[in-house]
Amino acid sequence: MEKDSQMADGFLHKYFLNNSYKSVHKWVHYFDIYERHFERFRGTSPVMIEIGVGGGGSLAMWRDYFGPGCQIIGIDINPKSKQHEADGIEVFIGSQDDPAVIDAIFAKYPKVDIVLDDGSHMMKHMIDSFKWMYDRLQPNGVYIVEDTHTCYWDNYGGGVKRAGSFMEFAKDKLDEINAVHTHGVLPVTDFTRSTNYVAFYDSVVVFERKKQGKRQHPITGSM
Ligand SMILES: C[S@@+](CC[C@H](N)C(=O)[O-])C[C@H]1O[C@@H](n2cnc3c(N)ncnc32)[C@H](O)[C@@H]1O
């Protein structure tokens, strides 16, 4: 049974504030978002990919948060990131948009529940990683892209309403969820059939997966 997100206890924010282990680099308002979308996975031995290892502390934070049996997988272009491997933590070296790296991860860990993209924050990388991984996530999985403020920055390939930015890509996904109502204008896709919602926050976009059956709208009660 899924756990209620209201049970969130602020573990991650407290962990972050008290962290004296390896460095973790997060915007403070992300912790509420993590708790809201990750809480239901705690204690369920989830498999999580974090793109972007940095100082390695966030991999350890996720492992402690999700609890025994979870598997945390880092992806980073920096070979030194390997040093952050530990029990329950494996790091794959390569670019986040390299299909060979992603295939290797899914060959070893076919049941991935969570992806958190905190990698290069370049538009092409964010979009390609999403395209390579989203459909392979578990049917109730979650895909989070953070630091999406770079979607507005020219040097990351972004810009306000700029074609090719991850933000425009994500906005189009809202129409894709509703494709069944467009009278054939938009095709119903695997994304339509497998996505519950897309949530937009300041600098974070969350995609929650849930198998969508036929849409129905019965009337109940007396007329
Ligand atoms: C912001 S840091 C990650 C911080 C870490 N997740 C944390 O919360 O503390 C970004 C990381 O992304 C890595 N990176 C940059 N470009 C990348 C790419 N194309 N593919 C994978 N990782 C990349 C960098 O080497 C760096 O370690």
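Helices (H or I, at least four residues) and strands (E, at least two) in these legends are DSSP runs, numbered from the N terminus. The model is predicted, so to speak of a local feature takes pLDDT of at least 70, and side-chain atom pairs count only at pLDDT 80 or more, while totals for chains, interfaces and linings use all residues. Residue numbers start from 1 along each chain as its sequence is written.

**View 1. Ser203, in the loop between strand 6 and strand 7.**
Phi here is near 75°, a positive value in a residue other than glycine. Most residues other than glycine have a negative phi. Ser203 counts as partly exposed, with 16 C-beta neighbours inside 10 Å. The scale runs like this: 20 or more other C-beta atoms within 10 Å of a residue's own make it buried, 12 or fewer make it exposed, and anything in between is partly exposed, with C-beta atoms placed from the backbone.

**View 2. His121, in the loop between strand 4 (114-117) and helix 5.**
Here's another non-glycine with a positive phi, about 65°. His121 is buried, and 22 other C-beta atoms lie within 10 Å.

**View 3. Helix 6 (residues 166-177) and what covers it.**
Its 12 residues reach 17 Å from first C-alpha to last, close to the 16 Å expected at 1.5 Å a residue (1.5 Å times one less than the number of residues). Buried in this helix are Phe166, Met167, Ala170 and Ile177. They cover an arc of only 105° around the axis, so they sit on the same side of helix 6; the arc is that of the directions from the helix axis to the C-beta atoms. The cover over them includes helix 5 (123-133), strand 5 (142-146), helix 7 (190-194), strand 6 (195-201) and strand 7 (204-209), going by contacts, meaning C-beta atoms, placed from the backbone, within 7 Å.

**View 4. The largest nonpolar core, with 45 residues.**
A core of this kind is a set of buried Ala, Val, Leu, Ile, Met, Phe, Trp, Tyr and Cys residues joined through C-beta atoms within 7 Å. Phe166 turns up again among those with the most contacts inside it, along with Met48, Ile49, Ile114, Val115, Tyr143 and Ile144. Helix 3 (residues 57-66) gives the largest share of this core, five residues. Zoom in on Ile114: leaving out residues up to four places away in sequence, Ile114 touches Phe38, Phe41, Pro46, Met48, Gly141 and Val142.

Terms used: Two residues are in contact if their C-beta atoms, placed from the backbone, lie within 7 Å.
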